[in-house]
Each structure stands twice: as C-alpha cells, then as structure tokens.
Amino acid sequence: MFLLSDFRALRPRHLATQAETLEWLACVHARAEARQLNEKGEPADEESLRDSMRHRLARFGCNMSQIATRGHEIDDCSHTRWSEMEVYDFSEQGAPQGMRARTKLFELIATEACSTLFSEVERPPRDLIHVTCTGYAAPSAAQLLVAAKSWGAQTRVTHAYHMGCYAALPALRMAAGFGALGALSAGSRDAEARTDIVHTELCSLHMNPLRHEPEQLVIQSLFADGCIAYSVYPEAQFHGRQAGLAVLALDEWIIPESAASMAWFCSDSGMEMVLARDVPERIAGSLQAFVASLLEQAGLSMAAVPQALFAIHPGGPKIVDQIAKLLQLSEEQIRFSRAVLRERGNMSSATLPFIWQKIALASDVSTFTPIVSLAFGPGLTLSGAILSKVLP
C-alpha cells in the first residue's frame, strides 16, 4: 500500500475570470481571422468578427456557470497588445509562433515551476516522475531540478509524457512499482524511500486562433495551466505525514473501436487536440464494468458506491454529468471534481492531483472514506484508482 501526501501547488501567474478569458478568445480569434482575410486581399470588419466569435463562444464554449476562473502562465492571455505577444502575435508586422518557440517557452516555465515547487524540499526522493503532455525538452525540467539540487546520485528521473488527462494514474502505478522494486532489490533503506511526482501542464501554449470549429472552441474555453507536485510513500512511512490518500487499487482499460474519439498530436502551431462529441457516451458504455472491476480489486463491491466519494477528472461538464447519472451519484459525491473545474478549469494531467489535494485536506472527509478516482484520455483509455482517506 502507498500513500499520497505532501501536495504542493503552484499559483498561476495570471488568474482570470471565465468571462475575461472568453472575451480574450473572441478578440484573438477575430484578430487572427481579420489578418488572414487581409492577407488574401479581402475586406475584414474586426468588430463584426469579434461579435460573431462572442456568439459562437457563448453557444459552444464552457460558460461561467461551469468554470468561474482559469489560470495561465503565459502573459499573452492577459492582454491584447498584439506586438507584445510571445506566442499569439497577430500584429500587422508580427506572426504567431510555431512549435519551436512554444517548446522553448514551455522549457523556461516548466523549469521555473519545478524549482518553485521543490524550493523547500531538502531530502531527495529516490525517484522523481515528471508528468506532462504540453511540452518536451531534454534535459527535462525534472532533470535540471535534480542537477540544480545536487541530487544526481540519489534521485532517478522518469518521464511520463503525452498520455493526456489521465496520466496521473499511470504515474501512480510507476511510483508503486518503483517502491516495490526498491523493497525487493535493495532492502529496507530503499523500501522506505519516497517517489515524488510533478506535473507541469501549460495548455495555454497550444491554442490555434485560426480554428473556429465548435470542437476547438470547446477545447479553448475549457483547458487551463496547472503545476503541482506531491509525494508517494510506502506504508511503512505513513506515520507522522500530512493527511493523505492510501492507494488500494489501480487499473486501466482501452475501450474498443474508440481510437478516433480523442487525439493529441504535435502540429506546426503547437499541440492539437481532437475531441469528438461521442466521448461521454463511449465512456459510459464501459464505465460500470470498469468501476465494478476496480472496486473488486480493492476488496469492495458496487454496494460501496453510495458511500464513496468520486474524484472524477472533469474532462468537461458533460463527462461529470454523464458519470453521475450512470452511477446514480449525488452532487455531494462529485463536489470536489465540480469545485476544481469551476475554480481552475481542465488542467490536463494536473487536474486529478488538485482534486486529490482538496479531498486530502478536507476536514469533513473522514478516515477510510473510499474514493473512486477516474480519468480518461486518448485510446479511449479508462484509468482509475480506489483510494482511502488517511489521517496523521
């Protein structure tokens, strides 16, 4: 058994209301479209285009009742001074940046985030897992952190990249495997060592304002930036830790004939996402059997569902709604997923750890409360864990 504890979250550089970010999206989409029309020699009324984009975002985007605020690490998302943009420069003489420039910016921000998240961590972890799907550089931010802290002889770095929103759960499987391997191969010293996991998700680097399709407007009004770190301890080290979550079971399925429903790939203008409208229905088709299997692995049954909390990755409001309806969950059972979506938006793989942190620190969640944690990603992949609240 393993314990999740010591959560440390980074406050985003820019925190804006959803109304402000939707207006920014309307402005940047209108500006991009107007510039493209002008380059073709066609007339463009930027104000009319902006009104049209506001209407489309109101129709297809996530509204203020679903998401109240979102965080962004890049300055671009906080203003419309086009010539000052690092990525989204749609000034008359400028040009939006491609994948190389976005990758360099990711490297800079992720390295700074890791340094801040570990600034007060003195004892090196045996393993450090870096999770992201929004940027890649080698050496990675995690490797640069280990080098800067002089942990190179004590800490092994592993990269868990490009899995998307469900990646926190495979990272837990890795951490559990590292802990078990250490116990088998190196005796009690390594058996007591911890694994640290750090997520650096910078979704704001990957918007394409020239894509106005409903699917893209949903994505751009949903995703946000999030950076968080936490520790995974073996059972022998539970005593004296902060309140945390014990890991009772982990599993993952890929839904047959669903590969086209979700994708995340590198394009010339950044990462690009495909998100089909049938994702909630496809997940629903396999979910009950998956949850039943997961509970069984933890020594529980579907009879435990009414008493459990659910830490559901809020891939979008409809995902949470669909799961709640299918499993007959109350709003009380899904309140932490709703709260994180409302407060922060969808931060890709960092979202579940923010939900776990809320549950771990919530004084009204009692010891041994079962927590069913679910997330989804390309594949389509169903990933899940059964957790239990542990108090110090």
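**Close-up views of the predicted model**

**View 1. Lining of the largest pocket.** The elements α2 (46-60), α6, β10, α7 and α8 each give at least two residues to the lining of the largest pocket. The structure is a predicted model, in which local features need pLDDT of at least 70 and side-chain atom pairs count only at pLDDT 80 or more, whereas totals for chains, interfaces and linings use all residues. Residues are numbered from 1 along each chain as its sequence is written, and side-chain values use heavy atoms, with hydrogens and water left out. Helices (H or I, at least four residues) and strands (E, at least two) are DSSP runs, numbered from the N terminus. The pocket holds about 740 Å³ of space. It is lined by 29 residues, of which F60, V218, L275, R277 and K318 are the closest to its centre. The lining divides by class into 17 nonpolar, seven polar and five charged residues. In these classes Ala, Val, Leu, Ile, Met, Phe, Trp, Tyr, Cys and Pro are nonpolar, Asp, Glu, Lys and Arg are charged, and the others, Gly among them, are polar. A pocket is an open set of points on a 1 Å grid over the protein atoms alone, with protein on both sides within 12 Å along at least five of seven lines; a cavity is a set of points where a 1.4 Å probe fits but cannot get out; lining residues have an atom within 4 Å of a point. Grid points are joined across faces, edges and corners, and a volume is the space filled by probe spheres set on the points.

**View 2. The largest cavity.** Four cavities of 30 Å³ or more are found in a search of the whole structure. The largest contains about 200 Å³ of space. Its lining has 17 residues, with C203, H206, M207, I219 and Q220 the closest to the centre. At least two lining residues come from each of β3 (69-72), α6 (214-220), β9 and β10. Seven residues of this lining are nonpolar, eight polar and two charged.

**View 3. The second largest cavity.** The volume of the second largest cavity is about 80 Å³. Residues that line this cavity include C133, C165, C203, W264 and M273. Its lining has eight nonpolar, two polar and no charged residues.

**View 4. The largest nonpolar core.** This core has 42 residues, and those with the most contacts inside it are L287, F310, I323, L329, L374 and F376. Two or more residues come from each of β9 (262-267), β10 (270-275), α7 (279-297), β11 (309-312), α8 (317-326), β12 (370-377) and β13 (381-390). Helix α7 gives the largest share, seven residues. A second, separate core has 41 residues, among them A175, I197, A311 and A385. A nonpolar core is a set of buried Ala, Val, Leu, Ile, Met, Phe, Trp, Tyr and Cys residues joined through side-chain atoms within 4.5 Å. Buried means under 20% relative accessible area, exposed over 50%, and partly exposed in between (1.4 Å probe, protein chains only).

View 5. Contact means heavy atoms within 4.5 Å. Neighbours within four places in sequence aside, L329 is in contact with V305, F310, I312, I323, A324 and I334. H72 lies in strand β3 and is buried, with a relative accessible area of 5%. With neighbours within four places in sequence left aside, H72 has contacts to P12, R13, H14, T21, C77, S204, F223 and D225.

View 6. Helix α1 (residues 18-39) has 22 residues and spans 31 Å from its first C-alpha to its last, close to the 32 Å expected at 1.5 Å a residue. The expected span is 1.5 Å times one less than the number of residues. Of the 22 residues of α1, 16 are buried, so the helix is largely enclosed by the rest of the structure. G41 follows α1 and has a positive phi, near 80 degrees.

**View 7. Two cis peptide bonds.** The bond from A138 to P139 is cis, with omega near 0 degrees. P139 is in the loop between β4 (127-132) and α4 (141-148). The bond from G379 to L380 is also cis, with omega near -20 degrees, and L380 lies in the loop between β12 and β13.

View 8. S150, although not a glycine, has a positive phi of about 60 degrees. It sits in the loop between α4 and β5 (156-161) and counts as exposed at 62% relative accessibility. F368, also a residue other than glycine, has a positive phi near 70 degrees. F368 is in the loop between α10 (351-361) and β12 and is exposed, with a relative accessible area of 69%.
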